Amino acid sequence: MAMQGKAVRVTTYFNEMFQDGEVRIPYSRLEGWTKRMPDALRHMKQAEAEALFRRIGITFAVYGEGGDPDRLIPFDMFPRVFTAAEWARLERGIKQRARALNAFLVDVYGRGEIVRAGRIPAHLVYRNAAFEKSVVGFVPPKGVYSHIVGIDLVRTGADEFFVLEDNCRTPSGVSYMLENREIMMRMFPDLFRENRIEPVDNYPLLLRRTLASVAPAKCKGDPTIVILTPGHFNSAYYEHSFLADLMGVELVEGQDLFVEGEYVWMRTTEGPKRVDVIYRRIDDAYIDPLCFRPDSMLGVPGLMDVYRSGGVNICSCPGAGVADDKAVYTFVPEMIRFYLGEEPILNNVPTWQCAKEDDRKYVLENLKDLVVKEVHGSGGYGMLVGPKSTRDQIERFHARISEDPGNYIAQPTLALSTTPTFVDEGIAPRHVDLRPYCLVGERVELVPGGLTRVALTEGSLVVNSSQGGGVKDTWVLAE
Amino acid sequence: MILTVEHVTRYSYDRPVRGLVQSHRMTPASHDGQRVIGWQVEVSDGLAGGSFRDGAGDHVASWSVIGPVSHIDVTVRGEVETRDTGGILRGHRELVSPQCYLQATALTHPDDALLALAEEARAVPEVLDAAHLLCERVAKAILWTPGVTQSQTTAAEAMSQAQGVCQDHAHAIIAAARAAEMPARYVSGYMLAGERQDAAHAWAEIHVPGLGWVGFDAANGCCPDERYIRIASGLDAQDAAPIRGWARGDGKERLEVAVAVQTVEQ
Amino acid sequence: MLSRTADNLFWIARYMERAETMARLLEVGARISLLPSVHGYRSEWDSLLQASGTADGFDRKYAEPVARNIESYLFFDHDNPSSVASCLRQARENGRIVRTALTTQVWDALNTAFQELKQLERQPRSELELTQLTDWVTRHAAMVRGSIGATLLRNDGYDFLNLGYCLERADATARLLDVKYYVLLPRVEFVGSGLDNYQWMTLLRALSLHRAFHWTYAGEITARKIADFLILNPQSPRSLVTSVEGINHALHRLGRAYGRETVAQVRGRQLNDMLERVTVEDIFDEGMHEFLTRFIGDVATLGYHVWESYLTGDVR
């Protein structure tokens, strides 16, 4: 099989299916599956999957790239598999992190004990662009700032996982987790009979329950929840509408909501209807033109006053972004110790802060071996992967870092694990990461699974869908 | 000193608007320098929304008006007992870290003249002295002249025009102070008018280690005393604005303001 | 439901119906232009542009109202907001926005029309026959309409879709009639001539109603029979009275579901009463063009009240 040949060649990366020429246990039933599938059938199935995606309308427009707004994210049919034991550890680590991040947010918008204790530099918090002065002193319902925490993980060995970054604002992609599973179950029902795979399809229900659990105190009875979208031109609009549909809540734009008296209302054909919880998928800056960007047409004028006086909850809370900043990231293990009194279960990737002189010196001398990221960047833009870059690119980054060191951090190039992936020539290992979605409300919950992103280009370590990455179904096997 | 305030803001629209929402920072908080005896804000045809005290210790109140409406009056009436604390803000309950007031905004972005001022301030060893120096320099650099600047005039523009009003003085102090790594903020309030100043007033506060926030009024060349009532603070005039509003409809807005601050004979 | 959602549904229907009307208008024009001309070629096509309300836009873009240019403008042109292509795009975009208020079947029908349109747009124009194009439009319009009827929940969203369809159709039938009666044949001496008959037939054909007409009215085609059929006959699927009945049915359901009536219901009933009272003689006494102009105005007012009562978001 083509897959083994490649796997042997790339020996430095952990291959999640093959180890020492043997198939690892979680993948044991997949070997037979691939053998039973001749190329012709595979191509047919691949086409079928694509047609399904296109028909349900799940597409992804790449921000700022123009081109076809109906472009599909490539879907790879080869699933990625975790054992129950592997997942149990990940789950504990992810939940621990989500709790610590929320404790941090409540603290820095309150008395800032962690700063006073000298465990994190004050300027990283208070001078952070994502720090929101207008919510200082406000404790949101149940003390939760970030209700959906997306934690990006990479694997480098059988028991080695690292957290690449945290997403505390509005992590996207969960619709792919759900659709990938749906499509796999439709196309390969046998696989699901042979393998005992934990379901993920209760995610919308859990999300709804989570949001309902953080309704403001002024709300009596069953809270009205809405999803606030920037509109149908947004690249993630499909996801917004998909989640609204599965949760049975309205998908609203800013113009559909208005403030009157102590509450927020939505405009319906029968008159105003009160809204209690807003799951917003727009950035802080656009939420309320009275409080933030006055030119924003996407938000709801007066919303922040209602929020701060307890008339509505906004999820995630404005200001939550200060916890997922790449410079603050370095201190998450410290948060876990400080707030929870525990040792971190999942490790951070060692990170050099270019703002620090020693770190900067090291980074500039070793650019060819490092990954450099912008502190406030996202989506794989403004990033340097040293070993994959030309001398010219490295020199440009050298100049940029020297000019504005505070805007850059660097990390070692991680040996991202690979999983078998269908490619033109057959099956070959490709690098993957994982984004599980942790829900934080009255309870902290995690569905067993997440979004596996795969770098489809041979040798590539960049898995972002905006940079040619694809997605896979992610399985967690039952005990 | 006991001061009374009467402040009416009238919004008129050439065509009726369908509805209106406002966020007010118009009610003073008590601290060592001022004790609120009575204070009322009313909005004609208005529906009072939520109100709270924000992290900077300022009272925020939400109002809405159900249209169609062609004009609204926002009326403030209040009475405050004040005393001189040498400009030092003491006994004001707030939680926002002074470090939050180091970021430049569009209105307070420093140009070369302001950076030069900041350099001068940096050279002064004591922060309090540096703050006084900035206040003096700005008072000299910007001649108090009403009517030449607008609400959108930046600190840098006011410096190059060498003319402006209290808002411009405050912005210039703030811009230079922040460039010198001294936390600084904009304060809106009222002042018992001398012969030349408007009663709706604004000044700057600079954070001095050991003392806390200290007010500086370059327009009058002094620190706020018992003639001043402190209402709200922010990164700049926009952030500290007494009224931020939004109207649904395409009527053109016109604004009229009348303010009176008086002393009550004791 | 959200006012904006109702608005999107309403406009899906209006745009789909409008696309169909445009295609039918084009067909009327094409067939009439095959006749030996009495007014000259130009005025016939011109009158089509007048009827579709797109004459100004056309003049800005093209010098000559020849068939080729008119077909391009009315079918493919994205600068013409009423072209078939613009309408289908708008219908699909409105559908995408309220994807969750539609069934998979309805979305499929909207999306398929849009995807096929993109293919048509890539094809060389010389390969496309006008009759194929108009058939293609009516087929897809029927598929969307059929999937709505067959699969959609009968809730308020369904009523807003039907309101859109019926309002647009009432307006369209009135305009088509008006083109024929007033614009195509302004001179009284042609009334009842062979040419007149041919034009009426063409109109009926374009509405796919010529067989229905003959089933209903035996013998000669006369202006009176046509007026009765397209205005007053409740059996005719596109007559004004049928469209207004549809409007009232949807409004009645909405009023009941929401437990309150609005100006829209009142105005709807008034329009219905008027059509029930009026006779063909009354219409010809008033003058067909005058009657139709008044009707088109009434329908527009009713549309405004629907908007004001349900779609603005300022409902109390």
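## Basis of the model

Residues are numbered from 1 along each chain as its sequence is written, and chains are lettered from A and ligands numbered from 1 in the order in which they are written. Because the model is predicted, local features need pLDDT of at least 70 and side-chain atom pairs count only at pLDDT 80 or more, while totals for chains, interfaces and linings use all residues.

## Chain B overall

Chain B has four helices and twelve strands; helices (H or I, at least four residues) and strands (E, at least two) are DSSP runs, numbered from the N terminus. Along its principal axes the C-alpha trace spans about 60 × 45 × 35 Å. The radius of gyration of chain B is 18 Å, which agrees with the value near 18 Å for a compact globule of 266 residues. That radius is taken over C-alpha atoms, and the globule rule is 2.2 Å times the number of residues to the power 0.38.

Of the 266 residues in chain B, 51% are buried. A residue is buried if 20 or more other C-beta atoms lie within 10 Å of its own, exposed if 12 or fewer, and partly exposed in between, with C-beta atoms placed from the backbone. Among contacts in chain B between residues at least 6 apart in sequence, 73% join residues at least 24 apart. Two residues are in contact if their C-beta atoms, placed from the backbone, lie within 7 Å.

## Contacts of chain A

The contact between chains A and B takes 25 residues from chain A and 23 residues from chain B. On the chain A side, helix H6 (122-126), strand E8 (257-260) and helix H11 (303-308) each supply at least two residues. By class, this side divides into ten nonpolar, nine polar and six charged residues. Ala, Val, Leu, Ile, Met, Phe, Trp, Tyr, Cys and Pro count as nonpolar, Asp, Glu, Lys and Arg as charged, and the others, Gly among them, as polar.

Towards chain C, the contact takes 17 residues from chain A and 16 residues from chain C. Helix H10 (237-247), strand E7 (250-252) and strand E9 (263-268) of chain A give two or more residues each to the chain A side. That side has four nonpolar, six polar and seven charged residues.

## Domains of chain C

Chain C is divided into domain 1 (1-151) and domain 2 (154-316), with bounds from an automatic or database domain assignment. Their centres, taken over C-alpha atoms, are separated by 20 Å. In the contact between them, 29 residues of domain 1 meet 29 residues of domain 2. The largest share of the domain 1 side, 19 residues, comes from H1(C). The domain 1 side divides into 16 nonpolar, four polar and nine charged residues.

Helix H5 (residues 84-97) of chain C has 14 residues and reaches 20 Å from its first C-alpha to its last, close to the 20 Å expected at 1.5 Å a residue; the expected span is 1.5 Å times one less than the number of residues. Eleven of the 14 residues are buried, including Cys87(C), Leu88(C) and Ile97(C). Their cover includes helices H1 (3-32), H4 (67-76), H6 (104-122) and H7 (130-151) of chain C.

Ala264(C) lies in helix H13 (residues 263-277) and counts as buried because it has 25 C-beta neighbours inside 10 Å. Leaving aside neighbours within four places in sequence, Ala264(C) is in contact with Leu251(C), Leu302(C), His305(C), Val306(C) and Ser309(C). Asn248(C) is 16 residues from Ala264(C) along the chain, and their C-alpha atoms are separated by 9.2 Å.
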